[in-house]
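Hi,

Here is the structure I promised to pass on to you. Have a look at it first, and then read on for what turned up.

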Amino acid sequence: DCSLVRAAIEQDWTALRHANEDVRSDRATVWEAFRHDVSALDLASDSLLNDFDAMLEFMKHDRATMDYMGKELLENERFVQTMLEDPKMGREVVFAMVRKNWRSFMTFPDKYRCDREVLMAAVKQDWHAMNYALKDDDGSNPWWSDRDVVLVAIRQDWSALKEMDMQFWEDVDVVRAAMLQHAPAIDLAPARAARELWQDRDLVMIAVKHDCQALNKVRPTMWTETDIVLEAVKQDWTILEKAPSKTAKMLWSDYDIAINAVRQSWQAISKVGEELLSDRAIILEAIQQDGKAMDILPPKTAKAHWEDRDIVEICVAQDWRALKNAAQEFKEDKRIVMMAVKQSYLALRDLPQEEQTRCWGDPDIVLEAVLQDGPAAIKKADKSLLGIKRILLPAVKQQGALLQFADEQMRADRELVEAAVVQDGMAIQFASGELRADRALAEIAIKNTEGKAFDFLAEELQKDGDLVEMAGIE
């Protein structure tokens, strides 16, 4: 009920917030609250805030009404014209309308659409207001020749430079404003201006940060700017292949450029200045990708790096063959040797003879070798290891005849002998006398050799009729 709400507003204007939509659309009711405080319009309905007559009346009472009225109303040409024709409104209302809705500028009379201050206020809201500025007689827009207006437009949208006067292609600040949004904007420059723009250090840096290939468009002297080249290299190190020959050597001797190139591809190490090849960090970047990078280094430089534990471990972990290049102290380091041997026991061949002898006497190293090639490893192993079951067992499982290398105690180990005989029945001949008299082992040996192992059984088993029959002996 509007009358009840108005009565409540007399006591407290904020009572309007409790009213329904219809009451908050009632002009007279909202007016009562508005008279107490203009912010009462925050509680008014959208329909009232877009009401032509209501907003005109409220504006005449308090210009702060502009902050609350509907934006759509400011696109109504008749409403805008009525406002502007009221001498009490003043010039400030023009700016208030533009700030509220730049599209109101579209409805302004000519005197305002050619007013620089008004246009600037509109363009600051949206550069498309330029499309509605008053044109010259020839249909051109003179404001695209105004540097300040152009800058405001371009800082909103780089593509506005397509409309600006051609003279501004020679203005670095204008071009930079566009490129900060869209670096390739420089490619739209006329040829003459482009030549100059590509000589500007700041513009080139912007372009290169966007696309390293922009370096292909600069003059040779720009390649001496190492910070710019570095930005390109961080994207793609192969851009250095385009560097002028006189500058390339200098660039490859720059630490930051070199390490960023190598970080992308270890093969870049072949281009790095020789004075940087002794740098540990650069070498680590390369070998973490592929230890073959060490092969590219000059012999003296490589030798120095082969004395670095981290470098040796990284290379050996990738390829056991790297062990042969390591400094002597690492060839004596069991952990590093094991790292190589686990890949291939052949790595032991690259050790000095004294170190080879020591390794073939180490049970852990020999076990790794046995797991790869039992026959070869057992024959090279120190005799002191031929009594260790964990070494012998995997060996005889590969070739039962290796039982012959086991010491006397191991030849009497039933598990070891059985493993050998299962692999090769003829291995029974290397078992202890007690195990050659073991009937179960004898049966395995006879079956695995089609009776050939019979002659190696204990004498008492050779008299066993069942075993004789199993062996096919008549």
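Let's begin with the pocket. By class, the lining of the largest pocket has four nonpolar, three polar and six charged residues (Ala, Val, Leu, Ile, Met, Phe, Trp, Tyr, Cys and Pro count as nonpolar, Asp, Glu, Lys and Arg as charged, and the others, Gly among them, as polar). A pocket is an open set of points on a 1 Å grid over the protein atoms alone where a 1.4 Å probe fits, with protein on both sides within 12 Å along at least five of seven lines; lining residues have an atom within 4 Å of a point.

A word on the source: this is a predicted model, where local features need pLDDT of at least 70, side-chain atom pairs count only at pLDDT 80 or more, and totals for chains, interfaces and linings use all residues. Residues are numbered from 1 along each chain as its sequence is written, and side-chain values use heavy atoms, with hydrogens and water left out.

Now the rings. There are ten aromatic pairs in the structure (Phe, Tyr or Trp rings, the six-membered one for Trp, with centres within 6.5 Å; planes under 30 degrees apart are stacked, over 60 edge-to-face, the rest tilted). Trp-127 and Trp-144 make an edge-to-face pair, 6.1 Å centre to centre with 70° between the planes. Both Trp-127 and Trp-144 are buried (under 20% relative accessible area, with a 1.4 Å probe and protein chains only). Trp-237 and Trp-252 are edge-to-face too, with centres 6.2 Å apart and planes at 70°. Trp-237 is buried at 14% relative accessibility, and Trp-252 is buried at 8%. Ring pairs also join Trp-31, Phe-34 and Phe-58 in a cluster.

Enjoy exploring!

Technical notes. Buried means under 20% relative accessible area, exposed over 50%, partly exposed in between (1.4 Å probe, protein chains only).
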